[in-house]
Amino acid sequence: MIITSILFNSCDNNDSTDCTGIDCLPPITQTGAGTFGCLVNGEPFFSFGEVNCKYQLINGSYEFIVGFDRMSGFPIDMSILSNRQSISESTFQFTNCDVNNSYCANVVFVSNLQEIIFNDTDNQNSGSVTFNNFDETNQIVSGTFEFEILNPADNQIYQITEGRFDSFYAR
């Protein structure tokens with residue numbers, strides 16, 4: 001399992017009080033704009049310019065990760081990643097992050113006791129990612145996603161909707 005918070009540098013979520021819901025999210029683009037955002041139970045979760053994205057060949061298999069870590073708020077981290085699965089312009093169903101040749105989502109919550117809690121999509125709480133643009137020449141990847149995920153701290157299911165990302169990726 002990939003532990004996303006180790007991979008990411010911290011950044012602030014520039015939540016604005018001038019917008020609500022989907023109006024706060026970055027537009028859906030395919031230019032490498034450096035954006036990542038979604039609604040978490042209808043509340044905006046986003047980053048402009050602080051997106052971490054990698055697509056690498058590791059031990060003969062491709063690994064992909066895109067997301068950001070804001071180190072405050074709720075949740076504090078969200079990532080879309082692959083486990084030995086290459087990217088193509090298509091839709092992929094999320095499974096558990098431990099399954100080879102799959103895609104999944106990972107979310108990091110903080111409990112009321114300030115404990116950091118990681119959770120991944122699984123067969124019961126799943127979703128999908130659609131890659132709308134995969135430009136290997138310019139190293140740009142763009143897509144949309146949605147999923148639901150359990151927060152083990154409070155046993156609630158969180159709905160992640162209207163997800164989108166657009167970033168240059170590192171190799």
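The legends below describe close-up views of one predicted model. In this predicted model, local features need pLDDT of at least 70 and side-chain atom pairs count only at pLDDT 80 or more, while totals for chains, interfaces and linings use all residues. Residues are numbered from 1 along each chain as its sequence is written, and side-chain values use heavy atoms, with hydrogens and water left out.

**View 1**
A nonpolar core is here a set of buried Ala, Val, Leu, Ile, Met, Phe, Trp, Tyr and Cys residues joined through side-chain atoms within 4.5 Å; buried means under 20% relative accessible area, exposed over 50%, and partly exposed in between, with a 1.4 Å probe and protein chains only. Strands (E, at least two residues) and helices (H or I, at least four) are DSSP runs, numbered from the N terminus.

A pair of aromatic rings is described by the distance of the centres and the angle of the planes. Rings of Phe, Tyr and Trp (its six-membered ring) pair if their centres lie within 6.5 Å, and planes under 30 degrees apart count as stacked, over 60 as edge-to-face and the rest as tilted. The structure holds 18 aromatic pairs. In one of them, the rings of Phe 36 and Phe 68 have centres 5.9 Å apart and planes at 70 degrees, so this pair is edge-to-face. The pair links distant parts of the chain, since Phe 36 lies in strand E1 and Phe 68 in strand E4, 32 residues apart. The rings of Phe 45 and Phe 68 have centres 4.8 Å apart and planes at 35 degrees, so that pair is tilted. Here too distant parts of the chain are linked, with Phe 45 in strand E2 (residues 43-48) and Phe 68 in strand E4, 23 residues apart. Phe 36 and Phe 68 are buried, and Phe 45 is buried as well.

**View 1. The two disulfides.**
The structure holds two disulfides, a disulfide being a pair of cysteine sulfur atoms within 2.5 Å. One joins Cys 19 to Cys 24, with an S to S distance of 2.1 Å, and its torsion about the S-S bond is about 115 degrees, so the disulfide is right-handed. Both Cys 19 and Cys 24 are buried. The other joins Cys 97 to Cys 104, with an S to S distance of 1.9 Å, and because its torsion is about 105 degrees, this disulfide is right-handed. Cys 97 is buried, with a relative accessible area of 3%, and Cys 104 counts as buried at 1% relative accessibility.

**View 2. An open sheet of five strands.**
Strands of a sheet pair through backbone hydrogen bonds, either parallel or antiparallel. Five strands form an open sheet in the order E3-E4-E5-E7-E8, and the pairing is antiparallel; two strands pair if DSSP finds at least two bridges between them. The edge strands, E3 and E8 (116-120), each pair on one side only. Within this sheet, five bridges join E4 to E5, and Val 66 stands opposite Ile 80 in E5.

**View 3. Two hairpins that share strand E10.**
Eight bridges join E9 to E10, which run antiparallel, and Val 129 stands opposite Phe 145 in E10. This hairpin has four residues between the strands, and Gln 139 takes a positive phi near 55 degrees. E10 and E11 pair in the antiparallel sense over eleven bridges, with Phe 168 in E11 as the bridge partner of Ile 140. Their hairpin has four residues between the strands, and Asn 155 in the turn has a positive phi of about 60 degrees.

**View 4. The salt bridge of Glu 162 and Arg 164.**
A search of the whole structure finds one salt bridge, defined as a side-chain nitrogen of Lys or Arg within 4 Å of a carboxyl oxygen of Asp or Glu. The side chains of Glu 162 and Arg 164 meet in it at 3.7 Å, N to O. Glu 162 counts as partly exposed at 39% relative accessibility, whereas Arg 164, at 7%, counts as buried.
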